[in-house]
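User: I would like to go through this structure and ask how each label was reached. Please set the values against the cut-offs as we go.

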Amino acid sequence: MSIINASELLEGLSLALDVAENKTFEHAQRTAYIALCIAKELNLSEEELQDIFAASLLHDIGMTTSLADSHQDISLLVKHCQTGAQMVKLLPLPVNVAEYIRWHHANWDGSGLFELAGSSIPLGAQIIYLADQSDVLLQELGSIYNDRSGIQNALQKRSGIHFNPLLVEALLSIQSKEIFWLDYSSTYLPEILRTIRPNINWAICPDHLELIAEVFAGIIDNKSPFTYEHSQGVTQVAVRLGEYFKLDQRTLKTLKISALLHDLGKLTIPNSILDKPGKLTPLEYQRIKSHAYYTKLILAKIKGLETIRDWAGNHHETLDGKGYPEGIPGERLSLPERIIALSDVYQALTEKRPYRQPLPQLKAMEIIQGLVNEHKLCPEVFASFSKVLS
């Protein structure tokens with residue numbers, strides 16, 4: 001694996017979190033932009049900027065499907081912050097990042113169910129709360145050329161209640177400059193953000209990347225009760241096959257990370273489709289198939305993950321070249337890609353789905369044999385898989 005840029009990794013994963021919440025792409029990046037503007041207005045240190053940037057991009061990592069409406073329910077609001085903090089503690093990030101996420105919905109006046117108030121709330125959490133809520137208000141504005149006074153009035157009304165008055169004053173000062181509005185609404189915001197983001201030099205080694213993949217596999221699988229532990233199951237099968245083929249340790253590590261992230265794009269699929277008990281309509285089936293495309297799209301945002309992008313995103317490509325999303329011919333599909341493809345089919349067949357009970361192992365193997373005969377799955381991998389299971 002190549003050297004991974006920590007900023008690009010955070011930005012790429014933030015896109016996955018946005019779609020997991022059914023938000024538009026780049027909510028997290030808009031929040032990070034506003035938060036960085038406020039932090040720079042306050043002349044905070046480079047280290048503080050780094051922590052605020054990371055926490056802004058991951059601030060809603062605890063927003064699982066079960067907490068989808070947590071911005072409307074105060075008890076769930078607390079839970080999603082606590083869950084997010086616990087998840088981030090598992091990642092190779094500074095301690096402050098988790099603390100900022102833990103308190104990023106705490107009201108300045110102490111109202112609500114959070115335990116802290118006023119200056120006891122970490123400053124980074126205060127900034128992210130104001131930035132997050134500002135983005136929600138700004139998205140409701142519709143256009144930067146509409147009346148901006150409503151946004152500013154809303155912020156002033158919540159000053160001293162939800163937000164630190166000094167931070168509101170700083171943000172209003174920033175909003176008095178036209179460049180803020182033009183940057184914020186620009187289609188080039190990701191590029192603009194890269195010009196102002198702090199220089200994060202955290203080293204992301206393969207072991208760190210594996211930890212991150214484990215956390216995001218959990219987010220993916222928790223999206224639906226019918227995919228619970230699917231990514232972990234696919235990974236276990238894929239690694240066993242990789243070991244049988246005597247892949248070296250570096251390749252095995254890459255295979256494991258790819259398998260953990262293979263369904264990252266499934267976060268874009270509505271639960272109304274994932275959990276549908278009946279037959280999917282042609283349109284719904286097309287939507288389901290798009291998840292492999294989005295897996296590659298999200299991972300493509302991160303330089304250094306090109307191999308993982310392909311091994312993870314090509315798990316529905318077939319040897320006959322009729323798979324999706326790209327229709328890649330079989331001769332271009334590597335052994336790890338073939339391993340993940342078969343592992344995914346086996347795991348899916350032996351799991352419960354809304355329209356059927358889990359299939360017995362023997363029945364699953366019969367179906368896979370049929371796919372091998374149709375030149376969909378690799379016969380060599382299947383032959384090895386039969387030996388691994390025996």
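Analyst: By class, the lining of the largest pocket has 16 nonpolar, nine polar and 11 charged residues. This is a predicted model.

User: How many residues line the largest pocket, and which lie nearest its centre?

Analyst: The lining of the largest pocket consists of 36 residues. Nearest the centre are Y285, I288, H316, Y324 and Y355. The volume of this pocket is about 990 Å³.

User: Which helix gives the most to the lining of the largest pocket?

Analyst: That is α17, with five residues. The helices that each supply at least two lining residues are α14 (271-274), α15 (282-299), α17 (335-349) and α18 (361-373).

User: Why is the pair R148 and E178 called a salt bridge?

Analyst: The closest N and O atoms of R148 and E178 are 3.0 Å apart. The cut-off is a side-chain nitrogen of Lys or Arg within 4 Å of a carboxyl oxygen of Asp or Glu, so the pair R148 and E178 qualifies as a salt bridge. By this rule the count comes to 16 salt bridges.

User: What parts of the chain does the pair of R148 and E178 tie together?

Analyst: R148 lies in the loop between α6 (123-141) and α7 (149-158), whereas E178 lies in helix α9 (residues 178-185). These parts are 30 residues apart in sequence, so the pair ties them together across that stretch.

User: Why is R148 called buried, and what is E178 called?

Analyst: Buried means under 20% relative accessible area. R148 has 19%, so R148 counts as buried. E178 has a relative accessible area of 38% and is partly exposed, because partly exposed is the range between buried and exposed, the latter being over 50%.

User: What makes K253 and D207 a salt bridge?

Analyst: Their side chains meet at 2.7 Å, N to O, and the limit is within 4 Å. This pair links distant parts of the chain, with K253 in helix α13 (residues 249-260) and D207 in helix α11 (residues 206-221), 46 residues apart. D207, at 47% relative accessibility, counts as partly exposed.

User: Where do K256 and E210 lie, and why does their pair tie parts of the chain together?

Analyst: The side chains of K256 and E210 meet in a salt bridge at 2.7 Å, N to O. K256 lies in helix α13 and E210 in helix α11, so the pair ties together parts that are 46 residues apart in sequence. K256 is partly exposed at 24% relative accessibility, and E210 is buried at 13%. Salt bridges that share partners join D207, E210, E214, K253 and K256 into one network.

User: Is H104 buried or exposed?

Analyst: H104 has 0% relative accessibility and counts as buried, because the cut-off is under 20%. H104 is found in the loop between α5 (95-102) and α6. A polar atom of the H104 side chain lies 2.7 Å from the backbone oxygen of I101. Leaving aside neighbours within four places in sequence, H104 is in contact with H59, D60, H80, C81, A125, I128 and Y129.

User: Why is A117 called partly exposed?

Analyst: A117 has 31% relative accessibility. Buried is under 20% and exposed is over 50%, so A117 falls in between and counts as partly exposed. A117 also lies in the loop between α5 and α6. Beyond its neighbours within four places in sequence, A117 is in contact with N107, W108, D109 and G110.

Definitions and conventions
Residues numbered from 1 in each chain as written. Predicted model: local features only at pLDDT ≥ 70, side-chain atom pairs only at ≥ 80, totals over all residues. Heavy atoms only, no water. 1 Å grid on protein atoms, 1.4 Å probe; cavity = no way out; pocket = protein on both sides within 12 Å on 5 of 7 lines; lining within 4 Å. Points joined across faces, edges and corners; volume = space filled by probe spheres on them. Helix = DSSP H or I, 4+ residues; strand = E, 2+ residues; numbered from the N terminus. Nonpolar A, V, L, I, M, F, W, Y, C, P; charged D, E, K, R; others polar. Buried < 20%, exposed > 50% of the residue type's maximum accessible area, 1.4 Å probe, protein only. Polar contact = N/O pair within 3.5 Å; in protein donor to acceptor, adjacent residues only side chain to side chain. Contact = heavy atoms within 4.5 Å.
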